[in-house]
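This report concerns a single predicted model, shown below.

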Amino acid sequence: MERCKETRLLVCLLLFLTLSVDLGFAFGQNKDTEFTFLLPPGATECFFQTATKNGSMEVEYQVIAGSGLDVGFTLISPNGYRLVSDFRKSDGIHTVDPTEEGDYRICFDNSFSHISEKMVYMEVIVDGPEEDDEDDEDWAALAEPEDSLEYKLEDIRDTMDAVHKNLERSRQLQTTLRAFEARDRYLLEDNLWRVSFWSSVSLLVMVSVALTQIYTLRRLFSDKHRVCT
């Protein structure tokens, strides 16, 4: 009886390790790229992202700093077709599903601004094609000894897959919130500088007017000519 329990425990351990390795390879297909760059005034910057056939790609961008907080955005397919075109927007999220095999071109345009540069945050998420048939066959082969186990291997796989997706989504939301927080902080600092500057100018004007009035009044009441009696 004890030997049977040990055998079941060993089988469970082997299945769990196989499950972890398989999920690790499956999750490794997701490609997530995010970075922040400076877009010079009057310039256009393009980036290339490689995608596989029948996958999915999500592109998100936000203008964090710069006059107007706007930028032009263009997404071009590997065949040269313009899929998305935004003009002077502060942020956007675009999804391509399914994708074509090749390099997608992601361009940001600041040619309409000849003075101010823009700080742009961009995130690209590329998911490879799903291989459900092969995965089902592999899991069916691993699921043969499940009749003698209390928990099913498919339930464990679904649970771990759901946890991974939720964690990935939470990380993406946190990154987006950080980008919004950086943009709001820049706006607050820029507004603080403007308020401080014009407050100083107003104070200087008020002091100058007060001194001018005092000088004028003193000139009116000061009489340097002597009257002889």
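The sections below cover model confidence, a helical segment and a loop residue.

## Basis and confidence

The structure is a predicted model, in which local features need pLDDT of at least 70, side-chain atom pairs count only at pLDDT 80 or more, and totals for chains, interfaces and linings use all residues. Residues are numbered from 1 along each chain as its sequence is written, and side-chain values use heavy atoms, with hydrogens and water left out.

The chain has a mean pLDDT (the predictor's confidence in each residue, from 0 to 100) of 76, and 73% of its residues reach 70 or more. Over residues 1-29 the pLDDT is below 50, and this stretch has 24 contacts (heavy atoms within 4.5 Å) beyond near neighbours in sequence.

## The annotated segment

An unreviewed UniProt entry annotates residues 197-217 as "transmembrane region"; such annotations may be inferred rather than shown by experiment. In the model, residues 197-217 are 100% helix and 0% strand, with the end C-alpha atoms 31 Å apart.

## Lysine 53

Lysine 53 sits in the loop between strand S2 (44-51) and strand S3 (56-65). Lysine 53 counts as exposed because its relative accessibility is 54%. Leaving aside residues up to four places away in sequence, Lys53 touches Thr99, Glu100, Glu101 and Pro129. The C-alpha atoms of Lys53 and Thr99 are 5.5 Å apart, although 46 residues separate the two in sequence.

Definitions and conventions
Helix = DSSP H or I, 4+ residues; strand = E, 2+ residues; numbered from the N terminus. Buried < 20%, exposed > 50% of the residue type's maximum accessible area, 1.4 Å probe, protein only.
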